[in-house]
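Subject: Structure handover

Hello,

Here is the structure you were waiting for. Please open it alongside this note; the findings follow below.

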Amino acid sequence: MSRTIKNSHPGERVLFSTRPRFSQSVASAYLRLIILFLLLYFFTTIIRYLAALQTQISTLLTIPFVEWSTDVLILIIILLFLSLIWTYLSWKSTCYILTNKRVMIKSGVISKKNVYMHFNKVQDIQVSQGFTQRISSAGNIEIFGGRDRTSLILENIPNPDKFEDLLNQKIENIPNDYEAKQTKDLLDERYQ
């Protein structure tokens, strides 16, 4: 899977590209989906119940209770549907990329965001997996870097152990600043 990416550095190749695990990324949407189906399934029953309730309270209030309730239910259904679409689009627009030079996170539905860290800036890597993530073979990888302790968080990444191994292999191939200085000093001494 050695392809180039837009706005890349000269000679940069994609080594690995993936999206967050779908089942873990949209886990919060499952409850909304169930509520949406229940509202659609019981919509007429709810409206009949509200109509019966309005006839009982019509002597006390003269407000269009059923019409307002219908409008509110339809609005709730529309909002639930739109939130499900937004969740899917957010998942679809998130991509984790490992190149031969850096780790990148590309995300954003409306406005795009690209965050990256070069291998020579990586200090530590932390892999964590919750119970449901272990079941679906997903996990979170947090990559710490530099002096200011910035970090990248790759959430719900499939097979986090394999990604961590590949990342460690790439990091180990690049000497850190201290080793590079020692190597340079050693070469300078040899050729003087």
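pLDDT is the predictor's confidence in each residue, on a scale from 0 to 100. The protein averages 82, and 84% of the residues score at least 70. Strand 3 has the highest mean pLDDT of the elements (92), and helix 7 (residues 177-190) the lowest (49). Helices (H or I, at least four residues) and strands (E, at least two) are DSSP runs, numbered from the N terminus.

Some ground rules. This is a predicted model, where local features need pLDDT of at least 70, side-chain atom pairs count only at pLDDT 80 or more, and totals for chains, interfaces and linings use all residues. Residues are numbered from 1 along each chain as its sequence is written, and side-chain values use heavy atoms, with hydrogens and water left out.

**Core**

The largest nonpolar core has 15 residues. Such a core is a set of buried Ala, Val, Leu, Ile, Met, Phe, Trp, Tyr and Cys residues joined through side-chain atoms within 4.5 Å. Buried means under 20% relative accessible area, exposed over 50%, and partly exposed in between (1.4 Å probe, protein chains only). Val103, Ile143, Leu152, Leu154, Phe163 and Leu167 have the most contacts inside this core. Strand 2 (95-99), strand 3, strand 6, strand 7 and helix 6 each supply at least two of its residues. Apart from it lies another core, of 11 residues, including Ile47, Val66, Leu73 and Trp91.

Val103 touches, among others, Ile97, Val115, Phe119, Ile143 and Leu167, leaving out residues up to four places away in sequence. Contact here means heavy atoms within 4.5 Å.

**Pocket**

The second largest pocket holds about 150 Å³ of space. A pocket is an open set of points on a 1 Å grid over the protein atoms alone, where a 1.4 Å probe fits, with protein on both sides within 12 Å along at least five of seven lines; lining residues have an atom within 4 Å of a point. The volume is the space filled by probe spheres set on the points. Thr94, Tyr96, Ile105, Ser107, Lys113, Val115, Ile153 and Glu155 form the lining.

**Two loop residues**

Ser137 has a positive phi of about 55 degrees, yet is not a glycine. It sits in the loop between helix 5 (131-135) and strand 6 (138-145). Asn159 also has a positive phi, about 50 degrees, without being a glycine. Asn159 lies in the loop between strand 7 (150-158) and helix 6 (160-173). Asn159 counts as partly exposed because its relative accessibility is 32%.

Best wishes
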